[in-house]
Amino acid sequence: MEDRPKKEEQPRVLNVLEALKQASHDLQANPGSNSAEFNSSAVKALLELEMESDTILSKDPHLCTLSQHLADLKTLVETLEKSRGYSLRSFLTRRVTTHSISRVAGSIESEIQAWIDRESMENLTKALEDPGKNEDELVKLLTQFEDRVLQGFNRELQGLVLKSKVFSLLETILCNSNYSKRIREHSAYSIAALIHFNKDVFVGQVLMGPTIHALITMNSTHSIRVLCSLIKSIKSPLVDEIESNGEIPKIISLLDIKDLQIKLLAMDCILEIGYFGRKEAIEAMLKEGLVQKLVELQRSELGGDLIEMERFEEKENEKGVGVGGVVERKRENRQMRFLESHPFSSCVARFAVQLEVGEGLRQREKRAFKQDILVGIREASVSDAEAATIVAEVLWGSSP
């Protein structure tokens with residue numbers, strides 16, 4: 001049986017290791033090629049912690065290698081101190097020893113991170129297996145896990161994730177409405193982080209599992225934000241799955257709800273689906289009356305068109321003449337302010353542009369859908385003037 005630190009000792013061990021990790025990271029950047037650099041805080045911290053950590057690290061077999069690295073570092077530091085002088089031999093000794101110190105510091109940092117990852121994964125797995133026990137602690141662990149995997153791919157960390165079956169545990173919580181929305185949303189963000197961590201491994205689990213259905217069913221700002229993030233990451237395969245599972249109507253229906261944030265995020269999802277979606281997905285959106293809904297949104301107080309933007313710019317235009325890029329920056333700022341207060345401005349044209357420049361459709365399909373959109377605009381418009389304005393934006397590809 002492993003002689004591991006007791007639970008109450010783990011915070012102390014973690015504090016020591018975090019200090020060692022930071023010191024070793026600093027040391028790699030400045031291993032100390034002369035006496036002044038050698039007396040840096042990083043070196044001093046590592047040597048002090050080497051003495052303090054001896055008894056602590058000996059209680060965990062996973063840290064035996066780390067103890068050896070610290071001992072090696074102490075020996076190298078002693079060698080570097082003895083190599084003072086101006087002879088060629090002293091110079092070469094300092095160069096070789098300095099390089100070795102940097103390498104050992106890197107090994108120390110890697111060993112510490114591996115230990116922290118093992119402990120974190122073990123704690124997270126236990127918390128996920130009983131998510132109702134301590135919600136605040138679980139949220140903290142999920143946030144730490146998300147931050148860790150978003151740092152980039154790490155083979156050892158991936159092995160821990162797969163071995164502990166964290167993805168399945170996260171998905172189980174996400175799909176269980178008995179758990180609080182807070183925990184489910186944090187689980188969703190952790191799933192999205194795993195997709196960014198390694199799409200090749202985790203995309204298949206998203207496509208084959210109930211994650212997407214759960215995100216849409218939750219109907220919250222965080223769940224729709226994660227859905228949009230997944231569409232951007234996985235692209236056409238995820239849109240295909242959404243369409244085949246009959247989820248397109250549910251996404252379109254989000255444009256009808258009162259919550260503005262969800263409505264805006266739904267619009268983002270629709271634009272992404274328009275960019276990556278194949279023929280079947282676009283047909284499903286148009287069948288649900290998407291064009292009519294977009295025309296209504298563009299007509300609303302939060303909508304507008306390019307003509308209204310120009311009028312807004314005229315009102316906002318400051319007196320005086322700018323020079324060069326100053327005028328252009330002011331114009332861009334005015335446009336940004338208009339779009340912030342009118343987020344559905346030119347939304348019909350923005351959707352049409354996504355189809356036009358997107359990856360999912362063939363050229364003949366793009367032309368056919370553009371005609372369908374124009375027909376839908378004329379049917380949904382309340383006047384010839386409104387229809388003419390929106391049609392002109394679509395034909396000219398206006399996308400503010």
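Welcome! Start by colouring the protein by pLDDT: confidence is lowest in helix α2 (residues 35-38), with a mean of 43, and highest in helix α16 (residues 279-287), at 98. This is a predicted model, and the protein averages a pLDDT of 85, with 80% of the residues scoring at least 70.

Next, select residues 33-39, where pLDDT stays under 50 and the model has 11 contacts beyond four places in sequence. Then jump to residues 319-323, another stretch with pLDDT below 50; here the model has 1 contact beyond near neighbours in sequence.

Now for the cysteines. How many disulfides does a search of the whole structure find? The count is 0. Pick C228 and you will see the nearest cysteine sulfur, that of C269, 4.1 Å away; C228 is in no disulfide, because a disulfide needs sulfur atoms within 2.5 Å. C228 is buried, at 6% relative accessibility, while C175 is partly exposed, at 32%.

On to the rings: the whole structure holds 3 aromatic pairs. Select F153 and F197, whose ring centres are 5.4 Å apart; their planes meet at 40°, so this pair is tilted. F153 sits in the loop between α6 (135-149) and α7 (155-164) and F197 in helix α9 (residues 181-197), so the pair ties together parts 44 residues apart in sequence.

For the last stop, select Y275 and F276, an edge-to-face aromatic pair with 4.9 Å between centres and 80° between planes. Y275 is partly exposed, with a relative accessible area of 23%, and F276 is buried, at 6%.

Conventions
Residues are numbered from 1 along each chain as its sequence is written. This is a predicted model: local features need pLDDT of at least 70, side-chain atom pairs count only at pLDDT 80 or more; totals for chains, interfaces and linings use all residues. Side-chain values use heavy atoms; hydrogens and water are left out. pLDDT is the predictor's confidence in each residue, from 0 to 100. Helices (H or I, at least four residues) and strands (E, at least two) are DSSP runs, numbered from the N terminus. Contact means heavy atoms within 4.5 Å. Buried means under 20% relative accessible area, exposed over 50%, partly exposed in between (1.4 Å probe, protein chains only). Rings of Phe, Tyr and Trp (its six-membered ring) pair if their centres lie within 6.5 Å; planes under 30 degrees apart count as stacked, over 60 as edge-to-face and the rest as tilted.
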